[in-house]
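Thank you all for making the time this morning. I would like to walk through one structure with you, going slowly enough that you can follow along on the screen.

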Amino acid sequence: MLAAPRRVACAVSGGVDSAVAALLLRRRGYQVTGVFMKNWDPLDEQGACSVDRDCEDAYRVCQKLDIPFHQVSYVKEYWNEVFSDLLKEYELGRTPNPDIVCNKHIKFNYFLHYAMDNLGADAIATGHYARTSLEDEEVFQQKHIKSPQRLFRNRFEVRNTVKLLQGADLFKDQTFFLSQISQDALKKTIFPLGDLTKSFVKKIAAEHSLHHVLKKKESMGICFIGERNFENFLLEYLEPQPGNFVSIEDKKVMGKHKGWFLYTIGQRARLAGLKDAWFVVDKDVSTGDVFVAPSRDHPALYRDLLRTNRVHWIAEEPPALLVREKMMDCHFRFRHQMALVPCVLTLNQDGSVWVTLVKPARAITPGQFAVFYKGDECLGSGKILRMGPSVYTMQQGRNREEVPKKEETDKIEPAT
């Protein structure tokens, strides 16, 4: 008797990557269903959101591939679990990453359960450039069980954990955005583009006449903001909190702003009447001051120490080496596509880590995720909550120490 075909629910976004992912799954002989997730309601604001156009493009992909198309709305879930969190983070003076949070709560949680429970899928798939340590057939054999939430997983309960591995195209690699997803979700996920480069994916799309998605611009930035001005968008939801731009060097007021939440560390601060570029180096939420420095590479932008919240470890929670030694060498990044930075992790009792960088990095930003790697494995991530002193602060401290020493030396009477 012939085995029933494997059923895979593939997330389709209306872009080229998810279209080719669905195509490749179909070529492998699976019974594929395309699912478009609507996470934002364009009626919620005045701007131009492209949700409806993306949905139409996703539908056309499914028609071309001759696979069923489903649309599912997670507008309420997205608002409650991603967007509300984003606003709260900005109010706290941090800079959130909604794409990481969306993958955790929406794609690899609500969509996963919808695919399994409503569509009877054996696995889900997305167009992310990432790999796992499982072959397709091993994914289909995994049982779908929702694990209870605990502070740490029982080390003896989880066997044969699945690793999240970087995609073959290291420039496009998207494990950064997947660094908070659960072990349960990873076990049931196929990444068809994991071994491919972006240029090869585009070639496949062209060969199969998926021209309408090939012509689309690569989606960048926060999906629901689209082409709009970010400052205006945020001010639709948060009350203005006027404050001062203050020079980090002499504490002189350099100008006014509408709210500290509109600025992130490392970005250019547009100061009225000044031709030279000034950059945001720090924020004080209690006073509303945004501190700025007169150079893109000012030492106030560089730090070599940070602390996260409780780290979400993907395969081993926490890694055995870190538990045993309380410290571990690895690499990390806090922005997608930034070069990996060597660091040392120190484990705290609450599951958070101190991250000590081998050399200072520019614009480490609270609210962003520190994503950890060992070799080609993405170990997991933690949200940056605290930062050590900047190189500039350290220099100032040293200078203050040296001045009294000089004065003391001057007081010493010369030997006769």
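Let me begin with the salt bridges: this is a predicted model, and a search of the whole structure finds 13 of them. In general terms, side chains of opposite charge can pair when their charged atoms come close. One of the pairs is formed by the side chains of Arg 28 and Asp 136, with 2.7 Å from N to O. This pair links distant parts of the chain, since Arg 28 sits in the loop between helix 1 and strand 2 while Asp 136 belongs to helix 5, residues 136–141, and the two are 108 residues apart.

Another pair is Glu 89 with Lys 383, where the closest N and O atoms are 3.3 Å apart.

An open sheet of 5 strands runs in the order 3-2-1-4-7, with parallel pairing. Strand 3, residues 69–73, and strand 7 stand at its edges, and each has a single partner strand, so one side of each is left without a neighbour in the sheet. Strand 7 pairs with strand 4, residues 123–125, in the parallel sense over 2 bridges, and Ala 125 has Ile 190 of strand 7 as its bridge partner. Helix 4, residues 98–117, packs on this sheet, touching strands 1, 2, 3, 4 and 7, and its direction makes about 135° with that of strand 4.

The side chain of Thr 189 reaches the backbone oxygen of Ala 185 at 2.6 Å, and, leaving aside residues up to four places away in sequence, Thr 189 touches Phe 108, Ile 124, Thr 132 and Val 139.

There is also an open sheet of 5 strands with the order 9-8-12-11-10, and its pairing is mixed. Within that sheet, strand 8, residues 243–247, and strand 12, residues 289–293, run parallel and are joined by 3 bridges, with Val 246 standing opposite Phe 291 of strand 12.

Finally, helix 7, residues 198–207, where the buried residues are Lys 198, Val 201, Ile 204 and Ala 205. Seen down the axis of helix 7, these buried residues fall within an arc of 115°, so they line one face of the helix. They pack against helix 1, residues 16–27, and helix 8, residues 211–214, whereas Ser 199 and Glu 207, on the other side of helix 7, are exposed. After helix 7 comes Ser 209, whose phi is positive, near 55°.

Conventions:
Residues numbered from 1 in each chain as written. Predicted model: local features only at pLDDT ≥ 70, side-chain atom pairs only at ≥ 80, totals over all residues. Heavy atoms only, no water. Buried < 20%, exposed > 50% of the residue type's maximum accessible area, 1.4 Å probe, protein only. Helix = DSSP H or I, 4+ residues; strand = E, 2+ residues; numbered from the N terminus. Arc of directions from axis to C-beta. Contact = heavy atoms within 4.5 Å. Polar contact = N/O pair within 3.5 Å; in protein donor to acceptor, adjacent residues only side chain to side chain. Pairing = 2+ DSSP bridges. Axes fitted to C-alpha atoms, helices over the stretch in contact; angles between N-to-C directions. Salt bridge = Lys/Arg side-chain N within 4 Å of Asp/Glu carboxyl O.
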